[in-house]
Amino acid sequence: MPDSFLRIADNVASIAKGFQLRGWALGTSGNLSAVVEREPLKLAMSPSGVDKGELTAEQILMIDEHASVISAHHAKPSDESPLHIRIVKERGAGAVLHTHSIWNTMLSDIYAADGGLSFEGYEMLKGLEGVKTHEHREWLPILENSQDMLALADSIGETLGQHKDAHGFLLRRHGLYSWGRNLAQAKRHIEIIEFLLEAVGRTLFIGNRRQK
Ligand SMILES: [Zn+2]
């Protein structure tokens, strides 16, 4: 394995651990990828069914653009690999991260009928690439979940085409996807969006109590 892959794999494993500790990737949920090479496309990808708190760099797989394992591992890549590949291609992303937090799961359901939810006026918005002021309005699209990964990849492609400025999206009652130029930026985007979702969620509940 080239040095660059080992460095990336190490980084992926440590981000996975952090997400698991924060309750964003419990029970083997969530998955992570990073581009190793663009032409032909090669991705470092988390394996399927592994506890993200115990994931090691040695377990990170290398896959091609068809989600086939090309490293010397006898493990299956995450079922959601086709979604990562589609996001990398649509956005030119260098890394794609996916979390299953309580707040992203709840809000993806509460706002599903609106097709998404917006964040506006929050200082934390400035952590999203290209956002310079809290006055920015960020739209986070919500898509219906599916177990048909190729169909889901197509609807993600369509949604990303419609919302060129989006930094992430939610799958209903499932989780959050975000991405970035590299792992550090993708991690920052996940942290910012998870923060905003929790802030909106908590405000909804406390707001309801105040009215009583
Ligand atoms: Zn998932």
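# Close-up views of a predicted model

**View 1. The zinc site.** Along the chain, the donors of the zinc ion are spaced as E-x17-H-x1-H-x73-H. The model shown here and in the views below is predicted. The zinc ion is held by Glu80 through OE and by His98, His100 and His174 through NE2, at 2.1 to 2.3 Å. The angles among the four donor atoms run from 90 to 149°, and the site is irregular. A tetrahedral site would need all angles between 85 and 135 degrees. His100 has a relative accessible area of 24% and is partly exposed.

**View 2. Aromatic pair between helices H3 and H5.** The whole structure contains four aromatic pairs. One of them is formed by Trp103 and Phe205, a tilted pair with 6.0 Å centre to centre and 50° between the planes. Trp103 belongs to helix H3 (residues 102-110) and Phe205 to helix H5 (residues 183-211), so the pair links distant parts of the chain, 102 residues apart. Trp103 has a relative accessible area of 17% and is buried. Phe205, at 40%, is partly exposed.

View 3. Phe169 is in strand E7 (residues 168-171) and Trp179 in strand E8 (residues 175-180), ten residues apart. Phe169 is buried at 1% relative accessibility, and Trp179 is buried at 6%. Ring pairs join these two residues and Tyr177 into a cluster.

**View 4. The largest nonpolar core.** This core has 39 residues. Leu97, Leu117, Phe119, Leu140, Leu183 and Leu197 have the most contacts inside the core. At least two core residues come from each of H1, strand E1 (31-37), strand E4 (95-99), strand E5 (116-120), strand E6 (137-143) and H5. H5 supplies the largest share, eight residues. Which residues does Leu117 touch, not counting residues up to four places away in sequence? They are Tyr111, Glu138, Trp139, Leu140, Ile142, Leu170, Leu197 and Val200. Apart from this core there is a second, separate one of 22 residues, which includes Leu83, Val96, Leu152 and Phe169.

View 5. Helix H1 covers residues 3-21, 19 residues in all. From its first C-alpha to its last it reaches 27 Å, close to the 27 Å expected at 1.5 Å a residue. The buried residues of H1 are Phe5, Ile8, Ala9, Val12, Ala13, Ile15, Ala16, Gly18, Phe19 and Gln20. Gly23 follows H1 and has a positive phi, near 80°.

**View 6. Thr28 in the loop between H1 and E1.** Thr28 lies in the loop between H1 and E1. Its phi is near 70°, which is positive although Thr28 is a residue other than glycine. Is Thr28 buried, partly exposed or exposed? With 36% relative accessibility, Thr28 counts as partly exposed.

**View 7. The cis peptide bond at Pro40.** Glu39 and Pro40 are joined by a cis peptide bond, with omega at about -5°. Pro40 is in the loop between E1 and E2.

View 8. Ser46 is in the loop between strand E2 (42-45) and strand E3 (61-63). Where a relative accessible area under 20% means buried, Ser46 is buried because its value is 0%. Neighbours within four places in sequence aside, Ser46 is in contact with Asn31, Leu32, Lys52, Leu55, Ile60, Pro77 and Ser78.

**View 9. Ala67 in the loop between E3 and H2.** Ala67 is found in the loop that runs between E3 and helix H2 (81-91). Phi of Ala67 is near 65°, again a positive value in a residue other than glycine.

Technical notes: Residues are numbered from 1 along each chain as its sequence is written. This is a predicted model: local features need pLDDT of at least 70, side-chain atom pairs count only at pLDDT 80 or more; totals for chains, interfaces and linings use all residues. Side-chain values use heavy atoms; hydrogens and water are left out. Rings of Phe, Tyr and Trp (its six-membered ring) pair if their centres lie within 6.5 Å; planes under 30 degrees apart count as stacked, over 60 as edge-to-face and the rest as tilted. Helices (H or I, at least four residues) and strands (E, at least two) are DSSP runs, numbered from the N terminus. Buried means under 20% relative accessible area, exposed over 50%, partly exposed in between (1.4 Å probe, protein chains only). Donors are N, O and S atoms within 2.8 Å of the metal (3.2 Å for Na, K and Ca); water is not among the atoms, so sites may look incomplete. Four donors count as tetrahedral if all angles lie between 85 and 135 degrees; four count as square planar and six as octahedral if opposite donors are over 155 degrees apart and all others between 65 and 115; anything else is irregular. The expected span of a helix is 1.5 Å times one less than its number of residues. A nonpolar core is a set of buried Ala, Val, Leu, Ile, Met, Phe, Trp, Tyr and Cys residues joined through side-chain atoms within 4.5 Å. Contact means heavy atoms within 4.5 Å.
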